[in-house]
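Please open the structure in your viewer and keep the sequence beside it. The tour below moves from one selection to the next and says what is found at each stop.

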Amino acid sequence: MLTVTDYYAPWCGPCKQMEPIMHDLEKEFEGKIQFVKINIDDEPEKGQAAGVMSIPTFILGDKRLVGFQAKDKFRQEIDSLLSNQG
């Protein structure tokens, strides 16, 4: 199963803007994509290991999206990964 990893911090404005988008996408792709959230304040070593330089950062397979993402664009990225997987 593909994983979307969301590197965020609770004080980050764009991260807060992404919360409802990520929630909707998580429901939409339930059973197809695993969504993981990593708070870089609580687990800075995980952010460093992934090369996260700014937040929010989303890692989808071999793709990296940085900053606020429109829901439609994010959905297209997920759809692209799913179609390439099969």
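At what angle do helix α1 and helix α3 pack, and how far apart are their axes? Before selecting them, note that this is a predicted model, in which local features need pLDDT of at least 70 and side-chain atom pairs count only at pLDDT 80 or more, while totals for chains, interfaces and linings use all residues. Residues are numbered from 1 along each chain as its sequence is written, and side-chain values use heavy atoms, with hydrogens and water left out.

**First stop: the two helices**

Select residues 13-28 for α1 and residues 71-85 for α3, and you will see the two helices pack at an angle of about 40°, with their axes 10 Å apart. That angle makes α1 oblique to α3, where angles under 35 degrees count as roughly parallel, over 145 as roughly antiparallel, 65 to 115 as roughly perpendicular and the rest as oblique. Axes here are lines fitted to C-alpha atoms, for helices over the stretch in contact, and angles run from 0 to 180 degrees between N-to-C directions.

Now show the side chains where the helices meet: M18, I21, M22, D24, L25 and E28 on the α1 side, and K71, F74, R75 and I78 on the α3 side. By class, this contact of α1 with α3 has six nonpolar, no polar and four charged residues. The class nonpolar takes in Ala, Val, Leu, Ile, Met, Phe, Trp, Tyr, Cys and Pro, the class charged takes in Asp, Glu, Lys and Arg, and the others, Gly among them, count as polar.

**Second stop: K71**

Stay in helix α3 and select K71, which counts as partly exposed because its relative accessibility is 27%. Buried means under 20% relative accessible area, exposed over 50%, and partly exposed in between, with a 1.4 Å probe and protein chains only. Leaving aside neighbours within four places in sequence, K71 is in contact with I21, D24 and L25, contact meaning heavy atoms within 4.5 Å. The C-alpha atoms of K71 and L25 are separated by 7.9 Å, although the two residues are 46 apart along the chain.

Move to strand β1, residues 2-8, and select T5, which is buried with a relative accessible area of 13%. Beyond the neighbours within four places in sequence, T5 is in contact with V36, I38, T57, F58 and I59.

Setting aside neighbours within four places in sequence, its contacts include I38, I40, K46, G47 and A50. Y7 and E43 lie 9.7 Å apart in space, C-alpha to C-alpha, and 36 residues apart in sequence.

Is D62 buried or exposed? Select D62 in the loop between β3 (57-60) and β4 (63-66); with a relative accessible area of 74%, D62 is exposed.

**Last stop: the whole chain**

Finally, show the protein chain as a whole, with its three helices and four strands, which follow the pattern β-α-β-α-β-β-α along the sequence. Helices (H or I, at least four residues) and strands (E, at least two) are DSSP runs, numbered from the N terminus. Buried residues make up 41% of the 86 residues in the protein chain, and the C-alpha atoms fill a box of roughly 35 × 25 × 20 Å, taken along the principal axes.
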